Amino acid sequence: MTDSTIVQFSSKIPARKLIKKNYEAYIPVLESIMQNIKAILTEKLSLSSQPTYKARIKSFNSYYKKVLRQRPDEAAVSSGLICLTDMMGIRIICTFLEDIEIVLDQIKGLFEVKEVEVKGADQSFKEFGYESVHVLVSIPKECVPSPLPEGLSLPEELVCEIQIRTILQDAWAEVEHELIYKTEFTPFDMPLRRKLASMNASLSLADIIFQEIRDYQKNLQSEMSMRRRSFYEKADDLTVDMQIAKKNEIIERINPYVQGTIDELLLQAIKAHNAGDLDTAILIYTKIIDSKPKPNNIVLSVIHKHRGMAYFSKNDYENALSDFRTSFEYDNKSFRSVYYEGIVYSIQKQYEAAVECFTRSLDINEYQSHTFYRRALAYYELKQYENAMNDVISAQKLGLEEPGLESLHSKLLEKFDMKM
């Protein structure tokens with residue numbers, strides 16, 4: 001090889017010192033832009049479970065390796081910053097798989113999105129690797145520090161990369177980066193490849209299972225909220241003569257002998273309960289209570305409470321009271337069981353017993369606005385107006401906005417005026 005050939009070859013290699021000087025000059029600007037974008041994400045993104053954020057400026061060594069692969073010419077090196085898409089990286093780490101799509105939609109509403117890529121989506125189930133959504137966004141003008149340092153200007157193609165992952169996807173990415181990417185290691189040994197594939201599959205399955213549990217939880221909570229509202233509406237109808245139009249539509253007949261886990265049975269029972277099919281609901285609740293092996297005390301407390309509410313809806317107050325008492329026996333922290341017992345006593349006009357139950361419930365949890373309201377109603381019937389007013393004020397302080405509460409407040413004020 002001649003000297004001239006060597007010179008010609010070496011001249012094609014980008015000057016590391018110049019590239020480093022240019023890149024490091026821009027790092028404070030890139031850092032400022034990245035932190036501003038992160039601040040927007042932190043403030044504007046809305047999820048039921050708050051995500052975690054990581055942000056980093058690409059190290060020069062990693063940056064330089066990537067620049068070399070681009071084979072920039074001398075003009076590009078001399079002109080200033082050579083842009084890469086991942087110089088600024090923000091990672092949003094979510095709890096559940098469903099959050100990824102939610103975050104992506106919200107990012108599209110906050111920034112101009114240049115590109116969306118699902119990394120790893122094209123891998124077969126036999127390969128190890130993990131999916132991650134990468135979003136390239138343009139730099140908003142308000143995120144650029146002003147004025148820029150003398151001699152610097154932002155390239156038009158500058159973008160910020162936002163990665164969206166679950167906690168488990170992020171864990172895999174961190175480990176994979178250390179074991180494989182960082183060391184440029186590709187395992188050829190089949191047992192080792194299988195172990196990596198197995199680990200990846202386990203994490204992927206865990207993410208799917210977490211999402212399934214989350215879906216079940218949301219379904220159950222929705223059904224329970226509907227059932228609780230129905231219970232309170234019936235109690236209101238019977239205690240303060242509130243007439244609320246109720247339209248219960250049967251969504252499906254549930255087989256009372258349906259097989260499955262306790263969670264599945266409970267969801268079936270609550271659906272039947274909400275649909276107004278109370279006999280079916282009671283049968284399924286009873287099936288859970290009588291199941292073998294016997295459920296633990298917390299489960300039994302919950303099921304007896306639900307069955308008591310079903311009996312209550314059937315106007316079977318004695319069985320309702322029995323279940324609410326049993327529920328509390330299995331879990332002496334179940335303040336709602338005692339509260340529901342108090343509601344039944346109020347409907348039966350056993351106001352002293354109702355006050356005793358409401359007081360026990362508040363002793364366990366003092367932040368129950370509805371319980372203060374119910375006890376105020378019972379005190380009013382017992383002509384203990386000062387106690388009733390104190391409870392009305394407590395319910396108001398806790399933020400309860402209920403027409404019946406305002407009405408009771410007015411009635412109590414009239415009683416005090418009469419005394420004066």
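Let's start with a crossing: helix H8 passes helix H9 in a left-handed way, meaning that the near helix is turned anticlockwise from the far one by less than a right angle. The model is predicted, so local features need pLDDT of at least 70 and side-chain atom pairs count only at pLDDT 80 or more, while totals for chains, interfaces and linings use all residues. Residues are numbered from 1 along each chain as its sequence is written, and side-chain values use heavy atoms, leaving out hydrogens and water.

**H8 and H9**
- Helix H8 (residues 262-274) packs against helix H9 (residues 278-289) at an angle of about 160°, with the axes 7 Å apart; axes are lines fitted to C-alpha atoms over the stretch in contact, and angles run from 0 to 180 degrees between N-to-C directions.
- That angle makes H8 roughly antiparallel to H9 (over 145 degrees).

**H10 and H11**
- The axes of helix H10 (residues 297-313) and helix H11 (residues 317-330) come within 8 Å and cross at roughly 165°.
- That makes H10 roughly antiparallel to H11.
- H10 passes H11 in a left-handed crossing.
- Residues of H10 including His304, Arg307 and Phe312 meet residues of H11 including Tyr317, Asp323 and Tyr330.
- The residues of the contact of H10 with H11 divide into eight nonpolar, seven polar and three charged.

How values were computed. Helices (H or I, at least four residues) and strands (E, at least two) are DSSP runs, numbered from the N terminus. Angles under 35 degrees count as roughly parallel, over 145 as roughly antiparallel, 65 to 115 as roughly perpendicular and the rest as oblique. Contact means heavy atoms within 4.5 Å. Ala, Val, Leu, Ile, Met, Phe, Trp, Tyr, Cys and Pro count as nonpolar, Asp, Glu, Lys and Arg as charged, and the others, Gly among them, as polar.
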